Amino acid sequence: MIVKKMHDMGVKSEHAYLAAFASIGLTVVAWATSLKVEPGVNVDRADRWGLFVGEWAPTFFGLGLALSHYEQHDGTLTDSGVHVREV
């Protein structure tokens, strides 16, 4: 139901995968920024920021898989240009 609504809104599996990879990079940036901006606070706070953002990636990957599965059944999955020879 949610995946169909997202698909109808124009969200594609590629968008979810890009968001997942971006959140991985954002995790490192959030951790490093928290270390430098708040020098009086120990590493624990920086770790919490990194983990908070880092938990987004599996969610986006899951949404990407769900959207990809929906696109396969809907027939709207884009062709990647890689063709497997069927035997």
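Me: Let's start with Pro58. Which helix is Pro58 in?
Reply: Pro58 belongs to helix α4, which covers residues 56-74. Keep in mind as we go that this is a predicted model.

Me: Is Pro58 buried or exposed?
Reply: The idea is to look at the relative accessible area: over 50% counts as exposed. Pro58 comes out at 53%, so it is exposed.

Me: Okay, zooming out. How many helices and strands does the chain have?
Reply: Count the elements, then read their order. Here you get 4 helices and 0 strands, and going along the sequence the pattern is α-α-α-α.

Me: What share of contacts joins residues at least 24 apart?
Reply: Take the contacts between residues at least 6 apart in sequence; in this chain, 76% of those link residues at least 24 apart.

Me: Now helix packing. At what angle do α2 and α3 pack?
Reply: You compare the N-to-C directions of the two axes. For α2 and helix α3 (residues 43-54), the angle is about 165 degrees and the axes lie 8 Å apart. Angles over 145 degrees count as roughly antiparallel, and α2 and α3 are therefore roughly antiparallel to each other. As for handedness, α2 passes α3 in a right-handed crossing.

Me: Which residues make that contact?
Reply: On the α2 side, they include Leu26, Thr27, Ala30 and Trp31. From α3, Ala46, Trp49, Gly50 and Val53 are among them. Sorted by class, the contact of α2 with α3 has 8 nonpolar, 5 polar and 2 charged residues.

Me: Let's pick Thr27 out of that group. Where is Thr27, and is Thr27 buried or exposed?
Reply: Thr27 lies in helix α2, residues 13-37. Run the accessibility check again: under 20% counts as buried. Thr27 has a relative accessible area of 18%, so it is buried.

Me: Which residues does Thr27 touch?
Reply: Skip residues up to four places away in sequence, and Thr27 touches Gly50, Val53 and Gly54.

Methods: Residues are numbered from 1 along each chain as its sequence is written. This is a predicted model: local features need pLDDT of at least 70, side-chain atom pairs count only at pLDDT 80 or more; totals for chains, interfaces and linings use all residues. Side-chain values use heavy atoms; hydrogens and water are left out. Helices (H or I, at least four residues) and strands (E, at least two) are DSSP runs, numbered from the N terminus. Buried means under 20% relative accessible area, exposed over 50%, partly exposed in between (1.4 Å probe, protein chains only). Contact means heavy atoms within 4.5 Å. Axes are lines fitted to C-alpha atoms, for helices over the stretch in contact, and angles run from 0 to 180 degrees between N-to-C directions. Angles under 35 degrees count as roughly parallel, over 145 as roughly antiparallel, 65 to 115 as roughly perpendicular and the rest as oblique. A crossing is left-handed if the near helix is turned anticlockwise from the far one by less than a right angle, and right-handed if clockwise. Ala, Val, Leu, Ile, Met, Phe, Trp, Tyr, Cys and Pro count as nonpolar, Asp, Glu, Lys and Arg as charged, and the others, Gly among them, as polar.
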